[in-house]
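Welcome! Here is a short briefing to read alongside the sequence and the 3D view, going topic by topic.

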Amino acid sequence: MCSALPAADLALAETYARELARLGEEIGLPCLAAAHDISSPRPPLGVDGRPLAETVFRWVDPDLRYWEDRGFALRAAFIHAVRRCSEPFWFREGVFASWRPNAALDALTAEGAFETFGVGAAIVTPAYLPGGVIGAVVWATRDAAFPVEAVFEARAAELQARALRFVAAYDEATGADVARLAVRLTRREIQCLKWAAAGKTDLEIGQIVGISLPTVRFHITNASRKMGVTGRSQAVHHAGALGYIGAERSLRLLRDPA
């Protein structure tokens, strides 16, 4: 049993969790698993300090206590798919798919031979939060004949909204750093961090942007202070997680604009 978290009131998040369970019963996918942060080994807890997986959710295999298995996220195909795809998707008989052709899901399907933990069909809704946190909700059944594609077409948007509401509420209730997420960087701070992420030195950044070396360092230090981090690498990492300096493909364009 896990101890209660010393955080804000979890009652609202638990209410949303119960809504997820009721929704699963309604659509014919009554087995449910949820993670507020797939990088964390700690499962979502209720107001009583017990894992919601013990009190609110139930899984296709009642003997599988996946929330106690610290290596589960590394073996579960559904979690690997959530890392690759930010939109809802469905699973049935070894196939992953979504609303549109999706190369990442197709590649996972092609890999095959993955552990499904008794799932015949499922709808999975990733929940990407500001700051780089990724949560997920899986609605599932043992029945591989379940018409998951039709249910997905009819209800996926609603499922995604409900999943995101639960994950966001739980994340905030258990101590999300709202102040850090609310940080505002200036245009010059963002410029300096973008070029730093592209591998440029402070001297090179100054020459590119047209400012002095001390001014470059001032902007990077000021950005670090705002985000509550220390050092150039942490500033770049957090600015990326907050969406200020773009994806890696954007940085490649900076390095080689041709």
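## The protein at a glance

Of the 258 residues of the protein, 45% count as buried, where buried means under 20% relative accessible area, exposed means over 50%, and partly exposed lies in between (1.4 Å probe, protein chains only). This is a predicted model, in which local features need pLDDT of at least 70 and side-chain atom pairs count only at pLDDT 80 or more, while totals for chains, interfaces and linings use all residues. Residues are numbered from 1 along each chain as its sequence is written, and side-chain values use heavy atoms, with hydrogens and water left out. The protein has twelve helices and five strands; helices (H or I, at least four residues) and strands (E, at least two) are DSSP runs, numbered from the N terminus. Residues 24 or more positions apart account for 68% of the contacts with a separation of 6 or more, a contact being heavy atoms within 4.5 Å.

## The sheet

- Let's start with the strands: five of them form an open sheet in the order E1-E5-E4-E2-E3, with antiparallel pairing; two strands pair if DSSP finds at least two bridges between them.
- Strand E1 (31–35) and strand E3 (95–97) stand at the edges with a single partner strand each, so one side of each has no neighbour in the sheet.
- On average, neighbouring strands of this sheet are turned by 15° against each other, direction ignored; axes are lines fitted to C-alpha atoms, for helices over the stretch in contact, and angles run from 0 to 180 degrees between N-to-C directions.
- Strands E1 and E5 run antiparallel and are joined by five bridges, and Leu 32 has Trp 139 in E5 as its bridge partner.
- Strand E2 (residues 89–92) runs antiparallel to E3, with three bridges between them, and Trp 90 stands opposite Ala 97 in E3.

## Helices on the sheet

- Helix H1 (residues 11–27) lies across E1 and strand E5 (134–141), at about 35° to E5.
- Helix H4 (residues 77–84) also packs on the sheet, where it touches E2, E3, strand E4 (121–128) and E5. The direction of H4 makes about 40° with that of E4.

- The largest nonpolar core has 36 residues, and Leu 32, Phe 57, Ile 123, Val 137, Trp 139 and Phe 166 have the most contacts inside it. A nonpolar core is a set of buried Ala, Val, Leu, Ile, Met, Phe, Trp, Tyr and Cys residues joined through side-chain atoms within 4.5 Å.
- H1, E1, E4, E5 and helix H6 (148–173) each supply at least two residues of this core, and H6 gives the most, with eleven residues.
- A second, separate core of 30 residues includes Phe 78, Cys 85, Val 124 and Ala 140.

## Helix H9 and its neighbours

- In helix H9 (residues 202–209), Asp 202, Ile 205, Gly 206 and Val 209 are buried.
- Seen down the axis of H9, these buried residues fall within an arc of 100°, so they line one face of the helix; the arc is that of the directions from the helix axis to the C-beta atoms.
- The face of H9 turned away from the buried side carries the exposed residues Leu 203 and Gln 207.
- Helix H8 (187–197), helix H10 (213–227) and helix H11 (232–241) are what the buried residues of H9 pack against.
- After H9 comes Gly 210, with a positive phi near 90°.

- Glu 189 lies in helix H8 and counts as buried, at 2% relative accessibility.
- The side chains of Glu 189 and Asn 222 are joined by a polar contact of 2.9 Å. A polar contact is a pair of N or O atoms within 3.5 Å; within protein, one must be able to donate a hydrogen and the other to accept it, and residues adjacent in sequence count only if both atoms are side-chain atoms.
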